[in-house]
Structures are given as C-alpha cells and as structure tokens.
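Please keep the sequence and the structure in view while reading.

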Amino acid sequence: MTTPDDLKYTKSHEWVRQEADGTVTVGITFHAQEQLGDVVFIQNPEVGRRVRQGEECAVIESVKAAADIYAPVSGEVIAASQEVVDKPERVNQDPYAAWLFRIKPGDRSELGGLLDAAAYRELAESEKR
Amino acid sequence: MLKQTPLNAVHRGMGAKMVEFAGWEMPLHYGSQIEEHHRVRRDAGMFDVSHMLAVDVCGQGARAFLRRVLANDVAKLEAAGKALYTCMLNEAGCVLDDLIVYCLAEDRFRLVVNAGAAEKDGAWLRRQRDRLAPALLLEPRRDLAIIAVQGPRAREKTWSAAPALRTATEALAHFQAEEAGGMMVARTGYTGEDGFEIVLPAGGAPGLWRALQEKGVAPAGLGARDTLRLEAGMNLYGQDMDETVNPLESGLAWTVDLKPGRDFIGKAALEEKPAARQLVGLVLLDKGVMRGHQNVLCAAGAGEITSGGFSPTMNRSIALARVPAGVRPGDDMKVEVRGHWLRAKAVKPPFVRNGKVLIPI
C-alpha cells in the first residue's frame with residue numbers, strides 16, 4: 001500500500017496521522033521518498049518549537065537533493081524521532097512507520113484542509129506523468 | 001527526443017529509474033543507489049557508459065597529431081595497448097574535455113570522450129585535423145557500446161561471464177588495453193576500484209550484460225557512478241572543470257605534460273601565469289550534505305563547491321571545491337549549506353581507493 005487510506009496528506013508530500021490523544025504524527029510519503037532516492041540525512045525540528053502551517057520545519061537530504069519538510073498544521077512540536085536521524089534509510093524502507101515529528105495542533109480546523117488518500121494518489125500520479 | 005544506448009531496453013526491463021543525462025536517457029539507479037555503490041566497493045558492479053563516445057584517430061602521423069591536441073603526452077604510450085588520461089585544451093588553456101586515449105597501433109589511437117562534450121570535441125578535432133594533419137581519419141564510433149565492470153571482484157567475474165577474454169586480459173596492468181574477440185578491454189575505470197571497461201559492438205552489449213549479471217555483477221546507475229568517482233577524487237567534466245578554467249586550477253596538473261620540446265594547444269597560455277585557484281577535497285565535520293555551487297570560506301579567501309554529496313563509504317559528506325591557491329590539506333574551511341555556515345576540513349583527494357578510506361577524520 002503506497003498511499004494508506006487512513007492517513008491525511010499535504011500537497012508537499014507529507015503524510016499526517018491523527019492520534020487518539022489529539023496530536024498528529026508527520027512523515028513523508030512513499031512517493032516522496034521514491035522521488036528523493038536514498039535518504040542520507042535528516043534534520044528534525046526541536047521539541048517545543050511553535051510552527052505555522054506550511055512553515056519549513058525539517059530537512060531531508062538524499063543522495064540526490066535536499067528537500068524541505070513543511071508543518072502540515074500549526075501548533076507545537078511535541079516529539080521528534082531520533083530513530084530516523086540515526087537511521088535515515090528507514091524513511092526509504094518503511095516511510096509510513098518512519099515518522100519524523102509530532103505536532104499538537106493549535107487550530108484543528110486546519111486538518112480539514114488536508115488531502116485524503118484518493119486526492120493525494122491523484123496528485124502523486126500527475127507528478128509522475 | 002533523448003538518445004538511447006543499446007542497453008536501454010535491458011535497463012527498463014530491470015526497473016531502472018531512467019533520467020536525462022547529457023541528452024541521453026540513462027539509468028539513475030535500479031532500486032538503491034547506495035546499495036549499488038557498496039556493491040562496487042565490496043564486490044563487483046557494472047555501468048552502461050555507452051553514451052560516452054569512442055573516436056578513432058587513424059593514419060600515419062596520428063601520434064604526432066595527438067601530441068599537439070592533448071595536454072598529456074601520448075609519447076608515453078610507447079607500445080600498443082597503453083592508455084593515458086588527459087585533457088584537451090583550447091588556445092586559452094581551458095578544458096574542452098577530459099578523456100582517455102588508447103594506443104591500439106602506431107597508426108590507430110582511440111579517444112573515449114564525454115557524452116556531453118562529444119559533438120563539440122568532434123568539431124574541434126576535425127578543425128585541428130584539417131589544419132595540422134589533413135590526411136588523418138577521425139572516426140566517431142557510435143556503432144560501439146561500453147560496459148564498465150568495476151570492483152575488487154570485477155575481473156574474475158568478467159572472466160567467468162566471458163571465459164574467452166581471460167587469456168587476452170589476465171596480464172593487463174592498470175591503464176592497459178587489449179583487443180580480443182572484436183572487443184577492446186581496458187583495465188581502467190571511474191570508481192577508484194579495479195576492473196575493466198569493455199568496448200564492444202552495440203549488438204553484443206545486451207548479451208554480455210546478461211552474462212555478467214548471471215555471474216553476480218550488480219547493475220549500477222549514474223547515481224552510484226557519481227558517488228564512486230567523487231570518493232575516488234575524480235573530476236566530472238562540466239562540474240569540476242569546463243571551458244572557463246584550466247587544468248592547473250582543476251586538480252589536473254599531474255595530467256599536463258609541460259616538459260620542454262613539445263608544443264600543444266593551450267601550453268603557452270598555461271605557462272603565462274601561475275594558477276590563482278586550485279581544486280581541493282573537503283570533508284564536512286558538521287552534519288549535513290554539501291552540494292555543488294555552495295559557497296566556501298577560509299583564511300585564504302572565498303571559493304565554491306564544484307561537486308558535493310554524501311559518501312556512502314565514509315558515511316559523511318564530501319566535496320571537491322575550487323578555492324584560492326594558498327589552501328593546504330588540514331586547513332579549516334566553512335561551507336554555506338542552506339543558510340548555515342558548517343565546518344569542513346580541506347583534504348587531498350582521493351577520499352577512497354580500492355575499498356579503503358584514505359582520509360583520517
């Protein structure tokens with residue numbers, strides 16, 4: 001499954017999972033890691049940082065290029081994965097398990113503006129063409 | 001319309017990610033670029049480099065002609081089967097291309113030039129031929145394919161895939177070539193590992209590729225080729241040098257033969273003034289990845305990354321950079337990576353050769 005149905009997506013290729021406690025977990029999609037190639041370096045945001053929706057908050061460097069990761073919603077960064085920093089290749093191996101950071105949303109209405117799986121699939125397909 | 005090598009369908013059949021490179025449709029990787037890189041360092045990998053062009057220079061006086069148009073001296077190729085890395089310069093001493101020249105016979109030499117410069121090289125060579133040696137034949141060999149088999153086990157795996165080649169190529173030393181069975185096999189490469197570059201008729205390329213694959217040679221794409229050559233401290237034309245710089249500013253002084261008694265195109269310009277800049281290696285001490293065109297600062301002044309990336313063997317970022325002439329190995333450098341000045345150290349390439357890291361961190 002390259003675009004799981006139970007996640008939300010952004011046009012900039014992040015996936016977003018709404019957790020039971022109201023926080024959201026963020027990673028990059030299968031399509032994004034495929035376009036980037038082997039990921040070799042990840043710089044995550046600091047825990048406690050306040051971000052606005054669409055703000056650059058992490059950097060992924062692959063063998064090919066650097067990519068900015070944008071906050072899918074506004075809020076506070078409450079966790080950042082050390083696992084992907086230590087093993088960037090996890091993002092290629094299992095992009096939906098290898099999350100990058102978690103945000104406690106400030107404005108939950110922003111979640112409604114994210115893409116569902118069908119809309120994201122269409123976006124990814126159109127980029128491949 | 002992109003040009004395709006004789007192995008295009010084979011790459012596609014293997015699921016390669018195909019990209020444009022110098023007007024050609026080439027495989028970037030077949031899954032994981034880093035995995036392909038490690039296969040070459042540790043075992044054996046193969047590259048389709050048929051986009052590069054072989055140009056045969058035939059006729060009496062071929063050697064004298066090449067001594068005029070190439071910056072290294074083909075007089076060093078005193079016997080058939082020897083090869084030499086060299087630049088071809090313009091009158092200003094700047095780099096038109098870098099290439100390997102093979103002596104196949106006293107009246108037959110072969111140049112293997114970069115895909116992106118092939119057309120320009122052809123026009124330049126014809127112009128110089130018309131001027132210096134009109135009787136010479138210049139023969140671009142688009143009928144040939146080139147497969148590079150590289151890695152510590154490349155030679156033995158080549159012999160097991162193509163047993164007929166063994167006798168002819170077993171005794172080849174580095175930078176030697178042998179013609180056998182309609183192929184030219186050279187013990188050269190662009191990875192810092194042992195191996196062969198095999199030039200053969202286009203029709204035979206898919207068969208040899210499959211035979212090599214059956215013997216466990218891993219197909220590798222342009223992505224791995226780039227990280228391997230960067231680790232090996234080898235320049236990439238168009239990135240580390242081009243028509244705006246001379247070889248002395250490009251880490252290629254060792255390929256320019258300035259001995260008196262031979263004139264070559266560009267020599268006068270090179271002798272006119274000392275190089276104000278040089279190409280050095282950089283190892284990034286902080287976390288991040290250096291990329292081409294990033295700014296470099298050091299005590300001697302400002303410079304620029306020409307090739308940068310991630311070294312899978314060293315597990316950190318390395319680069320080649322053009323910096324002021326005063327920089328020495330070990331000097332502290334700063335590189336501007338995405339708005340931050342990161343710490344780096346100047347080093348003397350190569351970074352990696354024959355599977356071993358040569359730069360102490």
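A contact, as the word is used here, means heavy atoms within 4.5 Å. Helices (H or I, at least four residues) and strands (E, at least two) are DSSP runs, numbered from the N terminus. The model is a predicted one, in which local features need pLDDT of at least 70 and side-chain atom pairs count only at pLDDT 80 or more, whereas totals for chains, interfaces and linings use all residues. Residues are numbered from 1 along each chain as its sequence is written, chains are lettered from A and ligands numbered from 1 in the order in which they are written, and side-chain values use heavy atoms, with hydrogens and water left out.

## Overall dimensions

Chain A contains four helices and nine strands. Read from the N terminus, its elements follow the order β-β-β-α-β-β-β-β-β-α-α-β-α. Chain B, for its part, has nine helices and 22 strands. The radius of gyration of chain B is 20 Å, close to the 21 Å that the globule rule gives for 361 residues, so chain B is as compact as a globular protein of that length. For chain A, a compact globule of 129 residues would have a radius of gyration near 14 Å, and the value of 13 Å agrees with this. The radius is taken over C-alpha atoms, and the globule rule is 2.2 Å times the number of residues to the power 0.38.

Accessible areas come from the Shrake-Rupley method with a 1.4 Å probe; for residues, only the protein chains shown count as cover.

| Chain | Span of C-alpha trace | Accessible surface | Share from carbon and sulfur atoms |
|---|---|---|---|
| Chain A | about 35 × 30 × 25 Å | about 6100 Å² | 45% |
| Chain B | about 55 × 50 × 40 Å | about 14700 Å² | 52% |

A residue is called buried under 20% relative accessible area, exposed over 50%, and partly exposed in between (1.4 Å probe, protein chains only). By this definition, 51% of the 129 residues of chain A are buried, while buried residues make up 58% of the 361 residues in chain B. Of the contacts in chain A with a separation of 6 or more, 62% are between residues 24 or more positions apart. In chain B, 66% of the contacts between residues at least 6 apart in sequence join residues at least 24 apart.

## The sheet of chain A

Strands of a sheet pair through backbone hydrogen bonds, either parallel or antiparallel. Two strands are taken to pair if DSSP finds at least two bridges between them. In chain A, six strands in the order 1-2-3-9-8-5 make up an open sheet with antiparallel pairing. Its edges are strand 1 (8-9) and strand 5 (50-51) of chain A, each of which pairs on one side only. Two bridges link strand 1 of chain A to strand 2 (residues 14-18) of chain A in the antiparallel sense. A:Lys8 has A:Val16, in strand 2 of chain A, as its bridge partner.

## The sheet of chain B

An open sheet in chain B has six strands in the order 11-12-13-10-4-14, and its pairing is mixed. Strand 11 (177-180) and strand 14 (218-219) of chain B stand at the edges with a single partner strand each, so one side of each has no neighbour in the sheet. Strand 4 (residues 45-48) of chain B runs parallel to strand 14 of chain B, and two bridges join them. B:Gly45 has B:Ala218, in strand 14 of chain B, as its bridge partner.

Helix 5 (residues 154-161) of chain B packs on this sheet, touching strand 10 (144-150) and strand 13 (195-201) of chain B; the direction of the helix makes about 35° with that of strand 13 of chain B. Helix 7 (residues 205-214) of chain B also packs on the sheet, touching strand 4, strand 10, strand 13 and strand 14 of chain B, and its direction makes about 15° with that of strand 10 of chain B. Axes are lines fitted to C-alpha atoms, for helices over the stretch in contact, and angles run from 0 to 180 degrees between N-to-C directions.

## Helix 5 of chain B

What covers the buried residues of helix 5 of chain B? The cover includes strand 10, helix 6 (166-169), strand 13 and helix 7 of chain B. Six of the eight residues in helix 5 of chain B are buried, among them B:Lys157 and B:Trp159. B:Arg155 also belongs to helix 5 of chain B and counts as buried because its relative accessibility is 19%. Apart from neighbours within four places in sequence, the contacts of B:Arg155 include B:Glu170, B:Arg187 and B:Asp194.

## Cysteines

A disulfide is a pair of cysteine sulfur atoms within 2.5 Å; the count over all chains is zero. B:Cys58 is in no disulfide, and the nearest cysteine sulfur, that of B:Cys103, is 11 Å away. B:Cys58 is buried, with a relative accessible area of 14%. A:Cys57 is buried as well, at 5% relative accessibility.
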